[in-house]
Amino acid sequence: MSLVLRTRPLLRLLALSGLLLTGTVHADVYGDVSSLAKSGKTAEAIAKADQYLGSNPRDPQMRFLKGVAQSQAGDLTAATATFEALIEEYPELPEPYNNLAVIYASQSQLDKARNALEMAVRNNPNYAVAHENLGDIYARLAHDAYQRSLQLHGNNRALQLKLSTLTEMLQPRAR
């Protein structure tokens, strides 16, 4: 009887340490996938994400990291599908909306990008990156509208100035 009483706390301690180690292992896998993607080893990142998702298929964080790696690999079709699936299952998460918007914007689908970013900031009003991206989309939409207006109005100095300012603002900056 005393052996049973002594082994139960030991078993609980072992179970608890196993759970804590599992959390560390998961954190390491997330870090590994993220590091591989950031270093341009996207195929390895996707493979490692797929391996993990084989036993944890609904893990939103790993699925998101996989979508990021797919985007970085240039597989925008797969990344779009990954982010859309995340949005369908976890509509409250703002990050998949933001990343989906980046894909839409890269394909000049500005209305879709705007809608996705509006959902991201609706879900998290403090999501600074989504607000910045939304501002960029509004600037691109304004640029396009001013450009069209200039085509219709001809030589309008005020429109030319606005268009010039937005064109300069939208130019990629050297880092």
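Of the 175 residues of the protein chain, 31% count as buried (under 20% relative accessible area with a 1.4 Å probe, protein chains only; exposed means over 50%, partly exposed in between). The model is predicted: local features need pLDDT of at least 70, side-chain atom pairs count only at pLDDT 80 or more, and totals for chains, interfaces and linings use all residues. Residues are numbered from 1 along each chain as its sequence is written, and side-chain values use heavy atoms, without hydrogens and water.

Start with the fold. The protein chain has 8 helices and 0 strands (DSSP runs numbered from the N terminus: H or I of at least four residues for helices, E of at least two for strands). Its pattern along the sequence reads α-α-α-α-α-α-α-α. Among contacts (heavy atoms within 4.5 Å) with a separation of 6 or more, 43% join residues 24 or more positions apart. The accessible surface is about 11,200 Å², and carbon and sulfur atoms hold 57% of that (Shrake-Rupley method, 1.4 Å probe; for residues, only the protein chains shown count as cover).

Now the rings. Rings of Phe, Tyr and Trp (its six-membered ring) pair if their centres lie within 6.5 Å; planes under 30 degrees apart are stacked, over 60 edge-to-face, the rest tilted. That rule gives 2 aromatic pairs. In one, the ring centres of Y30 and Y52 are 5.8 Å apart and the planes stand at 65 degrees, so this pair is edge-to-face. Y30 sits in helix α1 (residues 2-38) and Y52 in helix α2 (residues 42-55), so the pair ties together parts 22 residues apart in sequence. Both Y30 and Y52 are buried.

The rings of F64 and F83 have centres 5.7 Å apart and planes at 50 degrees, so this pair is tilted. The pair links distant parts of the chain: F64 belongs to helix α3 (residues 60-72), F83 to helix α4 (residues 76-89), 19 residues apart. F83 is buried, at a relative accessible area of 0%.

Follow F83 into its helix. α4 has 14 residues and spans 20 Å from first C-alpha to last, close to the 20 Å expected at 1.5 Å a residue (1.5 Å times one less than the number of residues). Its buried residues are A79, T80, T82, F83, L86 and I87. They cover an arc of only 165 degrees around the axis, which puts them on the same side of α4 (the arc is taken from the directions from the helix axis to the C-beta atoms). The buried residues of α4 pack against α3 and α5 (94-106). On the face turned away from that buried side, α4 carries the exposed residues T77 and E88.
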